[in-house]
Amino acid sequence: MSEISSGADEMLPEDYPGRIVAFPEGIEHLVFAMFGMQGKSEEAANPHRKALCQLFELPDGPGNVERSHYVDPQGYHCDVFMTYWAGRDAFERWVHSETVTDWWASLSTDPSNDVGVWREVLSPHKDRFNYAAGVEEKAGSAAILPLEPCNKFGYWGSYRDRLPGSKVDDFQSPYETMPEPVLRETKGKRILISTPDNMCFIREGQGWDRCEPEERRVWKTMMEKVVEHWVAFLRDRPSETGCMSIRFCREQDLVTGVEREKQSQFGFLLSLGHIEQAARTQKCHLAVRSKFIDMYTEPKFQPQMHIWVEEHVLKSDEVDAQYVNCHPKTGLLPYFDATEIPADRGVRLGQKVEQLAR
């Protein structure tokens, strides 16, 4: 389990059946693209949801698509489609196809329209990406990449050690302190955010659809509230935690939108070091860790909870973060350099953002 909600992988037994994804020969990058829609009502983004699902069916579309929903602190209903590609080539062909580019260019920038759309595309090198879990159940990148055993669980620092690149890179941020957020004029505009090297992104998931009644009860009574408290702490204290954006999402059926017994947290952190420091020192996180130990120490049930995490450490040219008509506190909009771009300008992964400025 990740540093976001429990740090549980830091105290698991040495024989914990850890699993991580493996990259087949010839695949150097994962592409994880989040497409989000926000509006004042649940129905506001309906046309975009339908259009996106049709686009995902095009040639070179994603190998895995998942869906979730949350309401942000500004009261906007937000839908997020989480999509995965093994390698950059197919994604580039898909996102720069005429049909997809026409749809993206057609998105409204009328500031009187409260619907905003964003895409946050992450393409970490395999040495700076990891998926970790303790069961064979597939989710996220594990739905398109094979799993293999891993023994780097059960101690402080295992989270970092599971990233092969950590042997030669300390993943240090170029920022010594957390940058102050900026309230920009973003409605009616298309904004591209330039991110620094070594920004960290974490997706953690929990699924309880296979749990028996006792495990469900224990999770509900012992864990749910303390996890929510820790996520709220990350959200509300960015200067202390390095957390620039965190979304607590309930996952949904891709077609119907019906809630599933799964949830995900998505967090952008200034660096891996920031979240490591917060996880080891903040009382609310240590409370989650303690509750997790209590929950799974000599349990009176066979644990079936699917708890997993993906961590990305990203170079500046591995992020395409674009926001169309979004409110100014959406995602990464309050941080780093922002460029207003025309509708017909796209970003190719690996392309420096300054090349797009006019």
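Nine of the nine residues of strand β9 (residues 199-207) are buried, so the strand is largely enclosed by the rest of the structure. The model is predicted.

Visitor: Which residues of β9 point which way?

Guide: Met 199, Phe 201, Arg 203, Gly 205 and Gly 207 point one way, and Cys 200, Ile 202, Glu 204 and Gln 206 point the other way. All are buried, Arg 203 and Glu 204 included.

Visitor: How many bridges does β9 make with β12?

Guide: Nine, in the antiparallel sense, with β12 covering residues 306-314. Cys 200 stands opposite Val 313 of β12.

Visitor: And how many bridges join β9 to β11?

Guide: Eight, and those two strands also run antiparallel. Strand β11 spans residues 259-269.

Visitor: Switching to helices. Which residues of α3 are buried?

Guide: Val 100, Trp 103 and Trp 104, in a helix that runs over residues 98-105. Seen down the axis of α3, these buried residues fall within an arc of 95°, so they line one face of the helix.

Visitor: Why would residues three or four places apart point the same way?

Guide: An α-helix has 3.6 residues a turn, so residues with that spacing point the same way.

Visitor: What covers the buried residues of α3?

Guide: The cover includes helices α1 (46-56) and α2 (88-95), along with strands β5 (116-122), β8 (190-194) and β13 (319-324).

Visitor: What sits over the ring of Trp 104?

Guide: The charged end of Arg 119, 4.6 Å from the ring centre.

Visitor: Now aromatics. How many aromatic pairs are there?

Guide: The count comes to 16, taking ring centres within 6.5 Å as a pair. In one of them, Phe 35 and Trp 94, the centres are 5.9 Å apart and the planes are at 80°, so the pair is edge-to-face.

Visitor: Where in the chain are Phe 35 and Trp 94?

Guide: Phe 35 is in strand β2 (residues 30-39) and Trp 94 is in helix α2. They are 59 residues apart, and the pair links distant parts of the chain.

Visitor: Are those two buried or exposed?

Guide: Phe 35 and Trp 94 are both buried.

Visitor: Back to Trp 103 and Trp 104: what are their rings doing?

Guide: Their centres are 5.9 Å apart and their planes are at 55°, so that pair is tilted. Trp 103 and Trp 104 are both buried.

Visitor: Which residues form the aromatic cluster with Phe 35?

Guide: Phe 56, Phe 81, Trp 85, Phe 91 and Trp 94 form one cluster with Phe 35.

Technical notes. Residues are numbered from 1 along each chain as its sequence is written. This is a predicted model: local features need pLDDT of at least 70, side-chain atom pairs count only at pLDDT 80 or more; totals for chains, interfaces and linings use all residues. Side-chain values use heavy atoms; hydrogens and water are left out. Buried means under 20% relative accessible area, exposed over 50%, partly exposed in between (1.4 Å probe, protein chains only). Helices (H or I, at least four residues) and strands (E, at least two) are DSSP runs, numbered from the N terminus. The arc is that of the directions from the helix axis to the C-beta atoms. Contact means heavy atoms within 4.5 Å. Rings of Phe, Tyr and Trp (its six-membered ring) pair if their centres lie within 6.5 Å; planes under 30 degrees apart count as stacked, over 60 as edge-to-face and the rest as tilted. A charge sits over a ring if NZ of Lys or CZ of Arg is within 6 Å of the ring centre and within 35 degrees of the ring normal. Two strands pair if DSSP finds at least two bridges between them.
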